[in-house]
Amino acid sequence: MKTVRDLLKAKGRDIWSVTPETTVYDTLRLMADKNIGAVLILDGGQTVGIFTERDYARQVILKGKASKDTPVHEVMTTRVVFVRPEQTIEDCMALMTDRHIRHLPVLEKEKLIGVISIGDA
């Protein structure tokens, strides 16, 4: 069975992130520039959240917040679901379906080594 490690070898291990104080606007600019649907929020090298297109729609637009004035920590998802490189793609797909999420950061020995998304499988 294909594993997360196999997938990362094929797609690469790019990790795009911002700090909690980065504005939503600048976070969205990064997402647009990199053509990605989610960004990890890192504070001192530790993952403290994830910001997705869904977060933008539900936590910024629908709540009338201003993207240029709102720090991403106010609207990010703080319950980040991680996977390990040895997990199978099938397990990850089931996890994404069950949790209604599209992006999974990958940890190896407590170190962030990549991110996979539902479109990668």
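Biologist: How many bridges join β1 to strand β2, and in which sense do the two run, parallel or antiparallel?

Modeller: One thing to keep in mind as we go is that this is a predicted model. Two bridges link β1 with β2, the strand of residues 38-43, and the two run parallel. Within that pairing, Val18 stands opposite Ile41 of β2.

Biologist: What is the order of the strands in that sheet?

Modeller: In a regular strand, side chains alternate between the two faces of the sheet. Here three strands make an open sheet in the order β1-β2-β3, with mixed pairing. The edges are held by β1 (17-18) and β3 (46-52); each has a single partner strand, so one side of each has no neighbour in the sheet.

Biologist: Which helix packs on the sheet?

Modeller: That is α2, residues 24-34, which touches β1, β2 and β3. The direction of α2 makes about 80° with that of β3.

Biologist: And the rings? How many aromatic pairs does a search of the whole structure find?

Modeller: A pair of aromatic rings is described by the distance of the centres and the angle of the planes. In this model the search of the whole structure gives zero such pairs. A ring can be read in another way, though: Lys68 lies over the face of Tyr25, 4.7 Å from the ring centre.

Biologist: Let us move to helix α4. Which of its residues are buried?

Modeller: An α-helix has 3.6 residues a turn, so residues three or four places apart point the same way. In α4, which spans residues 89-99, the buried residues are Ile89, Cys92, Leu95 and Met96. They cover an arc of only 120° around the axis, which puts them on the same side of α4. On the other side of α4, Thr97 and Asp98 are exposed.

Biologist: What covers the buried residues of α4?

Modeller: The cover includes α1 (4-11), β4 (103-108) and β5 (111-117).

Biologist: You mentioned β4 and β5. In which sense do they pair, parallel or antiparallel?

Modeller: They pair in the antiparallel sense, over six bridges. Five of the six residues of β4 are buried, so β4 is largely enclosed by the rest of the structure.

Biologist: Now a loop residue. Where is Arg84 found?

Modeller: Arg84 is in the loop between α3 (53-61) and α4. With 30% relative accessibility, Arg84 counts as partly exposed. Setting aside neighbours within four places in sequence, Arg84 is in contact with Val4, Val106, Leu107, Glu108, Lys109 and Glu110. Take Glu110 from that list: Arg84 and Glu110 are 26 residues apart along the chain, and their C-alpha atoms are separated by 9.4 Å.

Biologist: Which residues does Thr78 touch, not counting those up to four places away in sequence?

Modeller: Thr78 touches Val48 and Gly49. Thr78 also belongs to the loop between α3 and α4. Exposed means over 50% relative accessible area, and Thr78, at 54% relative accessibility, counts as exposed. As for Arg54, that residue is 24 residues from Thr78 in sequence and 14 Å away in space, C-alpha to C-alpha.

Biologist: Thank you, I can follow it on the screen now.

Conventions. Residues are numbered from 1 along each chain as its sequence is written. This is a predicted model: local features need pLDDT of at least 70, side-chain atom pairs count only at pLDDT 80 or more; totals for chains, interfaces and linings use all residues. Side-chain values use heavy atoms; hydrogens and water are left out. Two strands pair if DSSP finds at least two bridges between them. Helices (H or I, at least four residues) and strands (E, at least two) are DSSP runs, numbered from the N terminus. Contact means heavy atoms within 4.5 Å. Axes are lines fitted to C-alpha atoms, for helices over the stretch in contact, and angles run from 0 to 180 degrees between N-to-C directions. Rings of Phe, Tyr and Trp (its six-membered ring) pair if their centres lie within 6.5 Å; planes under 30 degrees apart count as stacked, over 60 as edge-to-face and the rest as tilted. A charge sits over a ring if NZ of Lys or CZ of Arg is within 6 Å of the ring centre and within 35 degrees of the ring normal. Buried means under 20% relative accessible area, exposed over 50%, partly exposed in between (1.4 Å probe, protein chains only). The arc is that of the directions from the helix axis to the C-beta atoms.
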